[in-house]
Structures are given as structure tokens and as C-alpha cells.
Amino acid sequence: MAPVSSGWRPVIWLGCVALLTAIAGEAARSISGPLLKQLGASAVAVSVVAGAGELLGYTLRLGAGFLADRRGGAWRLLLAGSVLGISAVPLLAVAAEWRLAAGLYLMERIGRAVRTPARDVLLASASDQIGHGPGFGLHRLLDQTGAVIGPLIIAALFTPASGYRNALLVVFVPSAIGIAVLLRARHIYPDLGKPLTETPSKGSLGARFWMLCAAAGLLAAGTADFALISFHLAKQANEGLSGIALLYAMAMAVEGVAAMVLGFVLERVGALALLFTIAMSSVGGVLLFAVPVLPVVGVAVWSAGMGGQYALLRALVPGRVPAGARGAAFGWFNTVFGVCWFAGSVAMGLLYSVDARWVAWFAVAAQLAAAPVVLWGWRAGRVRS
């Protein structure tokens with residue numbers, strides 16, 4: 001068996017790619033609510049754009065997942081999706097109307113859709129030796145490091161005169177460097193994610209996998225998008241535009257640390273680790289939309305729950321499907337996740353237009369509904385083992 005240090009190396013390479021490319025994408029996402037509001041969008045429009053982006057992004061991942069199972073497909077899709085996604089960011093700097101900006105946000109989500117199943121296939125292969133929980137957790141931590149840097153650049157360079165224009169141009173540079181790092185990683189590990197057979201597995205993905213998808217769908221529906229959260233904070237005048245970017249940076253830092261810690265918890269207790277994230281996400285929704293507390297508290301709790309769910313759900317996928325069908329599994333998983341995220345985002349936008357507190361109770365109900373599904377899946381796994 002290879003030394004532990006060598007087992008971590010491909011995960012670190014993929015994490016560095018994620019760190020650099022996330023700077024542009026997450027910087028743009030951190031200001032999506034205020035930027036769209038500034039360009040004339042309503043609360044419902046912001047929520048629908050955010051949800052549509054997730055729906056489009058996640059449903060496209062189904063086809064991308066099947067392609068990722070083909071020989072060489074994972075690296076090619078990761079490259080194509082990364083280039084497309086970061087290319088939308090500098091164009092946002094010159095967007096003069098909210099519909100145009102919305103289209104560019106959708107373009108960024110399409111790029112993410114193309115690359116995500118491929119990234120997950122590569123990451124699952126890279127972390128086979130060290131454990132999927134720690135592997136996906138470390139990758140999420142590095143990814144979120146980039147998600148912290150991007151919003152900090154936005155906050156530092158924002159001025160009333162230039163707005164976000166200069167900042168959006170600056171964050172594009174390190175993400176472009178990330179493409180070069182990706183090409184180097186592909187050269188070093190050309191066989192990473194290589195399917196075990198020439199023809200991808202076409203067998204059933206199994207009941208435990210679909211049970212995981214059901215839990216993921218409920219959790220996605222019960223998670224408020226940061227676009228709606230930032231819109232709410234801007235409307236309440238709790239934070240200025242640069243302050244919201246700082247809050248987003250803090251959220252990404254908390255999310256990354258939570259994902260890393262919970263990744264190791266996953267190795268100890270299995271799917272039960274998701275119960276911790278359900279508790280945090282439920283409390284976070286209440287603190288953000290129903291209880292008057294400092295925004296930093298609500299955002300911190302919300303991000304810890306969301307980050308843990310994002311990492312743990314994906315880390316659980318490889319152990320529930322054949323190795324040759326991982327791409328297809330991640331494609332289906334992300335499609336279910338995205339459809340439910342869209343439905344939840346639209347519902348939350350409509351509820352918010354009536355009373356912000358209704359968003360909190362909707363989030364709590366959806367999150368808690370996932371707990372029995374998680375327990376059933378965990379018990380089914382124990383019986384099989």
C-alpha cells in the first residue's frame with residue numbers, strides 16, 4: 001500500500017484547482033443578490049434566478065455524469081466546465097441590466113454543471129485510499145478557501161464610483177491560473193478516475209443510493225440560497241454591500257472547516273453525521289429569517305450546516321454504487337438535488353414576499369423531514385454489512 005502522504009497528493013492537486021477556480025465564481029455569487037437588486041430585480045426575481053441556476057446546473061449534471069464515466073471524459077469535462085464558468089465573471093463587470101446579469105449567472109452555473117460530476121468522479125478515485133469522508137472534506141476546505149478569498153477581494157475593491165467592476169476583473173486572474181494548475185494535474189494523474197471497464201456499468205444503482213438521493217432532495221429544498229439571504233440583509237439594512245461580501249467570505253470559511261471536521265466524523269459514525277448538519281441548518285434558517293440576531297451568527301450556523309451537508313452527501317455516494325457507475329450516480333444525485341433546490345428556492349421566494357418568518361419554518365420542516373430518511377438509510381446499511 002502506498003504511503004499516506006502519497007495518497008493525499010491527488011486530492012490536494014484537485015483541491016488547489018478548486019481553490020483557484022472558486023475565487024472568481026464565489027466572488028460573483030457573493031454579490032448576486034445585491035447586484036441583481038441594484039440592477040432592478042425584485043425578491044421573487046432574485047430567488048427564481050438563484051433557483052433556476054441551481055436547476056439548470058444540477059439537471060445538466062445528469063448527462064455530464066454519464067460522460068464522466070467514459071475513458072478520459074472526467075478530465076475533459078472538468079477542464080471545459082472550469083473554463084466556461086470563470087469566463088462569465090469578467091462579463092458581469094459590464095452588465096448594465098439585471099436580465100443580462102442573470103444570464104451570465106446562469107452561464108457560470110452551466111460551467112459548474114459540466115465540471116462537477118467529473119470532479120466528483122476524480123475525487124472519489126483520488127480518495128479511495130484515504131477515505132471518502134476526509135478526501136471530500138479536505139477538498140471542500142480548499143474549495144472554500146477560494147470562496148473566502150474571492151468575496152474578500154470584492155469587499156476590498158468595492159467603491160461607490162466603480163461598484164463591483166474592478167473587483168470582478170481582478171478575481172478572474174487567479175481563477176485563470178487555476179486552469180493551468182488543472183492542466184498540470186491532468187498530466188501527472190492521467191489515469192485518475194479511469195473506469196474499470198471500457199464500457200460504463202449500466203446496472204441498477206440500488207435502493208440505498210436512491211434513499212440517499214431522497215434525503216439530499218429534502219435537505220436541498222430546505223436550504224435558503226445566499227442570494228435570498230443577502231437580499232434579506234440588504235433590505236433590512238443590516239449590512240452594506242461590502243459588508244455582505246465579508247459575511248459571505250466568513251460563511252465560506254465556516255463551511256470549509258465544518259466540511260473537513262464532519263468528513264472525519266463520517267468515517268466514525270457513517271451517515272448519522274448528517275443529523276448534525278440537519279440540526280445546524282434548521283437553527284440557521286430560524287436565526288436568519290425569524291429571530292432578530294446579529295447576521296454573523298445566523299450566517300455562521302447556516303453555513304456550517306450547509307457545508308457539512310454538501311461534503312457528506314457526496315462522500316456517501318461512492319460507497320453506494322459500483323465503481324464503474326460513479327459518474328452516472330453523481331449525475332443522478334445532482335439532478336435530484338438541483339430540482340429540489342429549485343423548488344425550494346421558488347417556494348422560499350414566494351413565502352418571503354408574504355413574511356420572512358415563513359421561510360424559516362419552511363426550511364425547518366424540510367430539513368427535519370430528511371432525518372427519518374437518513375436513519376432508514378443508515379439502518380439499511382448496517383443490515384447489509
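The charged end of which residue sits over the ring of Y310, 3.8 Å from its centre? In this predicted model, R140 is one answer. The charged end of R314 also sits over the ring of Y310, 3.8 Å from its centre.

Rings also meet rings. The structure holds eight aromatic pairs. One of them joins F209 and W210: the ring centres are 5.0 Å apart and the planes stand at 70°, so the pair is edge-to-face. F209 is buried, at 0% relative accessible area. W210 is partly exposed, at 38%. F337 and W341 make a tilted pair, with 5.8 Å from centre to centre and 35° between the planes. Both residues belong to helix α13 (residues 326-354). They are four residues apart, about one turn of the helix. F337 is buried, with a relative accessible area of 5%, and W341 is buried with a value of 5%. Ring pairs also link W332 with F209 and W210 into a cluster.

Now the cysteines. The structure holds zero disulfides. C213 is buried, with a relative accessible area of 3%. C340 is partly exposed, at 23%.

Last, the surface. V291, V293, L294, V296 and V297 make a nonpolar patch of about 360 Å². One of these residues, V296, lies in helix α12 (residues 295-316). V296 is partly exposed, with a relative accessible area of 34%.

Definitions and conventions: Residues are numbered from 1 along each chain as its sequence is written. This is a predicted model: local features need pLDDT of at least 70, side-chain atom pairs count only at pLDDT 80 or more; totals for chains, interfaces and linings use all residues. Side-chain values use heavy atoms; hydrogens and water are left out. A disulfide is a pair of cysteine sulfur atoms within 2.5 Å. Buried means under 20% relative accessible area, exposed over 50%, partly exposed in between (1.4 Å probe, protein chains only). Patches are made of residues with over 30% relative accessible area and no salt bridge: like charges are joined within 9 Å, nonpolar side chains (Val, Leu, Ile, Met, Phe, Trp, Tyr) within 5 Å. Accessible areas come from the Shrake-Rupley method with a 1.4 Å probe; for residues, only the protein chains shown count as cover. A salt bridge is a side-chain nitrogen of Lys or Arg within 4 Å of a carboxyl oxygen of Asp or Glu. Helices (H or I, at least four residues) and strands (E, at least two) are DSSP runs, numbered from the N terminus. Rings of Phe, Tyr and Trp (its six-membered ring) pair if their centres lie within 6.5 Å; planes under 30 degrees apart count as stacked, over 60 as edge-to-face and the rest as tilted. A charge sits over a ring if NZ of Lys or CZ of Arg is within 6 Å of the ring centre and within 35 degrees of the ring normal.
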